Amino acid sequence: MKLRIVAFAFLLLFALAACGGNEPTPEPQATEAPALEPANPQPAATDQSPAVPEATALPDDYPAPTTPTLPAGYPIPATPTLPANYPAGVTAPLLWIIRPLGQQCSEASTYEFAVVDEAVAALTAAGVEVYNAETVSLAVCESCDCPTSEHFRVQIDPSDLATAVSLGWQAEP
């Protein structure tokens with residue numbers, strides 16, 4: 001019985017707290033609504049019309065670029081030169097070219113060159129001077145239409161690139 005009285009008292013207090021008492025809520029006071037403007041007002045007439053941009057000049061009419069000048073006392077940069085141990089007669093930086101050993105899914109006996117020395121000999125016979133040569137492994141796709149991961153990598157004079165390309169080589173990216 002005592003438990004019922006305590007439970008009833010608790011529910012009564014809870015109900016009184018939820019109702020919040022008898023205080024009247026204040027009524028909102030009426031205020032004037034702002035005047036509404038039309039949704040699509042017409043632009044006001046002005047005496048000034050927007051300036052129309054002039055036609056741009058043709059690219060041939062652009063002024064020549066100015067040559068930058070260095071501040072007084074600024075050291076003049078040295079002209080780049082080739083290293084002292086560079087091959088005689090070579091006037092430009094050497095170029096690396098590359099060629100795959102062969103195609104995947106084909107027999108090794110069908111490869112044009114079995115080792116890099118044979119590839120170098122073929123380039124030399126065609127009149128291309130080879131300065132460095134190596135065999136490298138590259139990441140390639142795994143399909144019968146893809147080259148093997150083994151590639152020959154050769155360093156030549158850039159003037160010999162056209163001859164090397166005609167022999168199946170390509171400039172290294």
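Visitor: Which backbone oxygen does the side chain of Arg 99 reach?
Guide: That of Leu 167, at 2.7 Å. This is a predicted model, in which local features need pLDDT of at least 70, side-chain atom pairs count only at pLDDT 80 or more, and totals for chains, interfaces and linings use all residues. Residues are numbered from 1 along each chain as its sequence is written, and side-chain values use heavy atoms, with hydrogens and water left out.

Visitor: What joins the side chains of Arg 99 and Glu 112?
Guide: A polar contact of 2.3 Å. The term stands for a pair of N or O atoms within 3.5 Å; within protein, one must be able to donate a hydrogen and the other to accept it, and residues adjacent in sequence count only if both atoms are side-chain atoms.

Visitor: Where is Arg 99 found?
Guide: In strand β1. Helices (H or I, at least four residues) and strands (E, at least two) are DSSP runs, numbered from the N terminus.

Visitor: Is Arg 99 buried or exposed?
Guide: Buried, at 12% relative accessibility. Buried means under 20% relative accessible area, exposed over 50%, and partly exposed in between, with a 1.4 Å probe and protein chains only.

Visitor: What else does Arg 99 touch?
Guide: Leaving out residues up to four places away in sequence, Arg 99 touches Phe 113, His 151, Phe 152, Gly 168 and Trp 169, among others. Contact here means heavy atoms within 4.5 Å.

Visitor: On to the largest nonpolar core. How many residues are in it?
Guide: 13. Such a core is a set of buried Ala, Val, Leu, Ile, Met, Phe, Trp, Tyr and Cys residues joined through side-chain atoms within 4.5 Å. Among the members that touch the most others are Ile 97, Phe 152, Ala 164 and Trp 169. The elements giving two or more residues are α2 (116–125) and β3 (150–156).

Visitor: Which element gives the most?
Guide: α2, with 4 residues.

Visitor: And what is Ala 164 in contact with?
Guide: Beyond its neighbours within four places in sequence, Ala 164 contacts Ile 97, Leu 123, Val 128, Ile 156 and Trp 169.

Visitor: New topic: which residue has a positive phi although it is not a glycine?
Guide: Cys 105, with a phi of about 70°. Cys 105 sits in the loop between β1 (95–100) and α2, and it is exposed, at 59% relative accessible area.

Visitor: What pattern does the chain follow?
Guide: Along the sequence, α-β-α-β-β-α-β, from 3 helices and 4 strands. Buried residues make up 15% of the 173 residues.
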